[in-house]
Amino acid sequence: MSKGFLIDMDGVIYSGNNAIPGAKEFITKLQEEKIPFLFMTNNSQRAAIDVVNKLKPMDIHVKEENVYTSAMATAWFLSFMKPNGTAYVLGEGGLISSLHENGYSMVTQNPDYVVIGEGRNFTLEMANKAVDMILSGAKLVATNLDPSPKKKGWDNLGITAIVRMIEEATGRTAFSVGKPSPVMMRAARKKLGLSTDETIVIGDTMDTDILGSIQMGYKTILTLSGITKKESLIKYAFEPDIVVNSLADVDLNELLKE
């Protein structure tokens, strides 16, 4: 049976601008063994080429086809729901380019969807306009609902804070496409051409990577190099198949035998 990997990035591959131990070696081995993989990230700000360029200084060399973002998943979902539709976007380049590539037009009046992505380049005036559009019939979609890190000095409110504000102002609930939504989890697997039992997900977050994967029936590996710490695992009713400190501890040969 063939195997393939859906791999989270921040907290698994890198922290800030530094590669996490074992990341380069793990990705290199996947490439050498021609094992299919995708970086699966909820970050909707970056286009695939931006992700590729971020990894280069870490000596991790991949192609755009190895990247799948929540922006890509959102654009695919909207094109499936309403081909060649229109959107008013609170978000940045990666989301806008993905929507364009999937046949969507960006408009400032009467959109089919209001789409909220990661970013900080939008104003309260734009949020007010989005509220009016939703109250006039536009549907509300979020690329993801990752929480703010709640760190002093953080210069981004976080997407969930923005989404909740607009939900309260409209009385509507946003549909979130990114992890742990099955929309993104399934679309990423299909992009790799794998079946459910051939898919292995590596992530550092119980509430997104691991939860979404368990709901889909994928094999899961939790790394403790990011958000989730070992002592917090007791809080969850579900658990990953494997827990490692970082990718340096993943035995690829053993995984491929199973």
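Reader: Hi! Which side chains meet in a salt bridge with 2.6 Å from N to O?

Author: Those are the side chains of Asp59 and Lys24. A salt bridge here is a side-chain nitrogen of Lys or Arg within 4 Å of a carboxyl oxygen of Asp or Glu. Before we go on, this is a predicted model, where local features need pLDDT of at least 70 and side-chain atom pairs count only at pLDDT 80 or more, while totals for chains, interfaces and linings use all residues. Residues are numbered from 1 along each chain as its sequence is written, and side-chain values use heavy atoms, with hydrogens and water left out.

Reader: Thanks! And which parts does that pair tie together?

Author: Asp59 lies in the loop between H2 and E5 and Lys24 in helix H1, so the pair ties together parts that are 35 residues apart in sequence. Those labels are DSSP runs numbered from the N terminus: helices are H or I with at least four residues, and strands are E with at least two.

Reader: What about the phi of Asp59?

Author: That phi is near 65°, a positive value in a residue other than glycine. Most residues other than glycine have a negative phi, and most peptide bonds are trans.

Reader: Which other residue has a positive phi, about 55°, although it is not a glycine?

Author: Lys34 does. You can find Lys34 in the loop between H1 and strand E4 (37-41). Lys34 counts as exposed because its relative accessibility is 73%.

Reader: Back to salt bridges. How many does a search of the whole structure find?

Author: Five. One of them pairs Asp8 with Lys179, whose closest N and O atoms are 3.0 Å apart. This pair links distant parts of the chain, 171 residues apart: Asp8 is in the loop between strand E1 (4-7) and strand E2 (14-15), and Lys179 is in the loop between E10 and H7.

Reader: Are those two buried or exposed?

Author: Both Asp8 and Lys179 are buried.

Reader: Which residues do salt bridges that share partners join into one network?

Author: Asp8, Lys179 and Asp209.

Reader: Lys179 keeps coming up. What joins it to Pro180?

Author: A cis peptide bond, with omega of about 10°. Pro180 lies in the loop between strand E10 (175-176) and helix H7 (182-192).

Reader: Let's switch to the surface. Which residues form a negative patch?

Author: Asp50, Glu64, Glu65 and Glu101. Patches are made of residues with over 30% relative accessible area and no salt bridge; like charges are joined within 9 Å, and nonpolar side chains (Val, Leu, Ile, Met, Phe, Trp, Tyr) within 5 Å. Asp and Glu count as negative and Lys and Arg as positive, while His and the chain ends are not counted. The place of a charge is taken as NZ of Lys, CZ of Arg, CG of Asp or CD of Glu.

Reader: Where is Glu64?

Author: Glu64 sits in the loop between helix H2 (48-55) and strand E5 (67-69). Its relative accessibility is 45%, so Glu64 counts as partly exposed.

Reader: Which residues make the nonpolar patch?

Author: Trp76, Phe80 and Met81 make a nonpolar surface patch of about 340 Å². Areas come from the Shrake-Rupley method with a 1.4 Å probe; for residues, only the protein chains shown count as cover. Trp76 is in helix H3 (residues 70-81).

Reader: One last thing: where is Thr223, and is it buried or exposed?

Author: Thr223 is in strand E12 (residues 219-223), and counts as buried at 0% relative accessibility. Leaving aside neighbours within four places in sequence, its contacts (heavy atoms within 4.5 Å) include Gly11, Ile202 and Val244. Thr223 and Asp8 are 215 residues apart in sequence, with 9.9 Å from C-alpha to C-alpha.

Note on methods. Buried < 20%, exposed > 50% of the residue type's maximum accessible area, 1.4 Å probe, protein only.
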